[in-house]
Amino acid sequence: PQNPASDYAYGGMLSTIAELEPRELPFAGLGRNLYEARRPTYIETPAGRVALLSATSLFSSGMDARPQTEAMPGSPGVNPLGKETVSRVTAEHVARLRGTSPLLNVVDIKRKRVERGHYGRQNWLDEDYFHFLDMKFETVTEESDCGIYYESDEGDAAEIGEWIRQADRTADWVVMGLHTHASALGYFNEQTTPEFMKAFARRCI
């Protein structure tokens, strides 16, 4: 799916599904819950059985499908491949950020949130990175390696990978589509491929 699949929130997504299913139009990456959004759809063709899967790395908060449990029905949405922004800078730049943190009370804010068990979107206890609140910095040696990068959510990538493996066992062809607007080095809607998409593509293969 593309991110406009959620433009009209839950009602729009459920209405879309209600129009597609009676017409037997194959679709993937959208569902009433996470199970439906993750699973492949199958198409019978003269060339063999095709499994179609789809995901998006661009979605509004709450518009990613949620899992169904014994207690909860789940919620409709797109099949998410979450991504995290990581800024790579040299040790000198990290030292400047550390020096600025006390002036903005960042250190105390982080300490209090950690005590309450609330880290926002980041694991502030992960010492492999420097966390300036919700901004995540990785130290590199050369300035030529500095830039803004993305990392795929490991849980999403692993679950999608498992569905691809299952599809490969039951189909002659497997097609996996990923929608994003992210470009290399933090740019948006440019004709460049970000590293996280290359890594995810290799993982799918």
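Accessible areas were computed by the Shrake-Rupley method with a 1.4 Å probe, and for residues only the protein chains shown count as cover. On this basis the protein exposes about 12,600 Å², of which carbon and sulfur atoms supply 52%. The model is predicted: local features require pLDDT of at least 70 and side-chain atom pairs pLDDT 80 or more, while totals for chains, interfaces and linings use all residues. Residues are numbered from 1 along each chain as its sequence is written, and side-chain values use heavy atoms, with hydrogens and water left out.

Six helices and nine strands are present in the protein, taken as DSSP runs (helices H or I, at least four residues; strands E, at least two) and numbered from the N terminus. The C-alpha trace spans about 65 × 40 × 30 Å along its principal axes. Of the 205 residues, 35% are buried (under 20% relative accessible area; exposed, over 50%; partly exposed, in between; 1.4 Å probe, protein chains only). Among contacts (heavy atoms within 4.5 Å) with a separation of 6 or more, 65% involve residues 24 or more positions apart.

Most residues other than glycine have a negative phi. Leu 133, in the loop between β6 (130–132) and β7 (135–140), has a positive phi near 55°; Leu 133 is partly exposed, at 26% relative accessible area. Asn 189 also shows a positive phi, of about 60°, and is located in the loop between β9 (173–179) and α6 (195–204). The relative accessibility of Asn 189 is 47%, which counts as partly exposed.
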